[in-house]
Amino acid sequence: MASWSKEDKEILIYDRYDIWKFDPENKAQPVNLTVNGRTNRISYRYAKLNKEEKAITLNQEHILRGFNEQTKGYGYYNTKFLNASQPKQLIGGDFMLRTLVKAQKTDKVIYSCETFETYPDLYLSDIRFSKSVKLTEGDKQQEQINWGTAELISWTSLDGQLLEGVIYKPENFDPNKKYPMVVNFYERNADTFHNYRMPEPHRSTLNYHFYTSNGYIIFNPDIRYKDGYPGESCFNAVMPGISKVLEGGYVNEKAIGAQGHSWGGYQVAYLATRTNLFAAIESGAPVVNMLSAYGGIRWETGLNRSFQYEHGQSRIGGTIWEKPLAYMENSPIFTMDKVNTPILIMHNDNDGHVPWYQGIEYFVALKRLQKPVWMLNYPGEVHWPLRMINRIDFQKRMFQFFEHYLNGKPMPKWMEEGVPAVSQDFELGYE
């Protein structure tokens, strides 16, 4: 819902692209107020500039934020909601706009503008965006860093769907060189093409700028799922996407890794049972046995986990009694004997989303099969490490893991000798 009008006479509701006016008493037909959203694949959303506003006046001008699904660019538009009319673009382009704030007593606004390469600096303008003045210089912080670039690509999945993804390259990219690559994904992220990624020791995913500045390519592919086949849907989407990237000739085919967390952790665990393409995989907080996970609960909320598989993200679409084979076919644990890729697992013992016994099952299965596997557990941490010292530690170890298998660096001490699970005091062995 976008908003109610004054005296509750109309209600404004979003579809995927447009804003519609509905009569709550159903005495009039709905009206598409923004007209061209679906035609131009622009998703219009109402920009609420007065945070105290309870309802809107339809015959006044209002600001909309538009997202173009084709270019991934953003724009600000103005329109009146009284009658159907195409919104007028005030500012727009191949960048992301957000943080729009209006002054209380004047028509001045502050907003931010960003791309993957451009820091989200603040700008001052009027409500018509007739002239913008840059207020901050945050981008100066990255001048001495080998940053990175983002490139949008498309390909066709193995089951015939058109997909998109983003390739991230070092700023000093040389098309004649061969780079190691890490494939990192979580459902669909191509729409974040213009997002600036703040460099940080992330709790669960790659620090993109750290990897590109160290000479890595990162590929983030979109996945479209078919109910009942979440694992195979991932395979069908990701593998031809990687083939598309390899056509460029700048990726070392023997130095491709994969990384994912939670649902992404499950996805990369499944891929390890279906292909030997990857030289190394980091899988964070994954479900590898949907049968055992189905009967558990989410410790943080107390919800039983069955909804996840019957109606939620895991997309099996039925109970274990209705679709037992689907649960088995989509559970990597049952085909773990086919894994030949070195695996790094991170799963914490206070995880309230995915019970950490899933990580234990994963680790024990690979150990039992005498496969190369390591497991990180940060005691007391939840679905991901929150303490900064643990986030830094995780990022260091994951990078060392990929450096060893993708760049041929010596195996660090913690991988070679191991750290006992009961140890309370140990040397990290980063050298």
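Is E69 buried or exposed? E69 counts as buried, with 10% relative accessibility. Here buried means under 20% relative accessible area, exposed means over 50%, and partly exposed is in between, all with a 1.4 Å probe and protein chains only.

Before I go on, a word on what we're looking at. This is a predicted model, so local features need pLDDT of at least 70 and side-chain atom pairs count only at pLDDT 80 or more, while totals for chains, interfaces and linings use all residues. Residues are numbered from 1 along each chain as its sequence is written, and side-chain values use heavy atoms, with hydrogens and water left out.

Back to E69. Its side chain meets that of R16 in a salt bridge, 3.0 Å from N to O. By salt bridge I mean a side-chain nitrogen of Lys or Arg within 4 Å of a carboxyl oxygen of Asp or Glu. E69 sits in the loop between β6 (61-68) and β7 (74-80), and R16 in the loop between β2 (11-14) and β3 (19-22), so the pair ties together parts that are 53 residues apart in sequence. R16 is partly exposed, at 48% relative accessibility. When I say helix or strand, I mean DSSP runs numbered from the N terminus: H or I with at least four residues for helices, E with at least two for strands.

How many salt bridges does that rule give? The count comes to 20. Another one joins D393 and R397, with the closest N and O atoms 2.7 Å apart. Both residues lie in helix α9 (residues 388-407), four residues apart, about one turn of the helix. D393 is buried at 10%, and R397 is buried at 4%. Then there's E247 with K244, at 3.9 Å from N to O. E247 is exposed at 62%, while K244 is partly exposed at 37%. And D121, K134, E137 and D139 are linked in a network of salt bridges.

Okay, sheets. A quick reminder: strands of a sheet pair through backbone hydrogen bonds, either parallel or antiparallel. I call two strands paired if DSSP finds at least two bridges between them.

Strand β9 (residues 96-102) pairs with β10 over five bridges, and a hairpin of five residues joins the two. Why call β10 enclosed? Five of the seven residues of β10 (residues 108-114) are buried, so the strand is largely enclosed by the rest of the structure.

Around here there's also a nonpolar surface patch: V101, I110, L122, L124, V133 and L135 have about 430 Å² of accessible area together. Those areas come from the Shrake-Rupley method with a 1.4 Å probe, and for residues only the protein chains shown count as cover. Patch residues have over 30% relative accessible area and no salt bridge; like charges are joined within 9 Å, and nonpolar side chains (Val, Leu, Ile, Met, Phe, Trp, Tyr) within 5 Å.

Now the other sheet. Eight strands form an open sheet in the order β13-β14-β16-β15-β17-β18-β19-β20, with mixed pairing. The twist averages 20° from one strand to the next; such angles run from 0 to 180 degrees between N-to-C directions, with axes fitted to C-alpha atoms, for helices over the stretch in contact. Helix α3 (residues 230-246) packs on this sheet, touching β13, β14, β15, β16 and β17. Helix α8 (residues 357-368) lies across β18, β19 and β20, at about 155° to β20.

To finish, look at I343 in strand β19. I343 is buried, at 0% relative accessibility. Which residues does I343 touch, leaving aside neighbours within four places in sequence? Its contacts (heavy atoms within 4.5 Å) are A272, I281, Y362, L366, P372, V373, W374 and F401.
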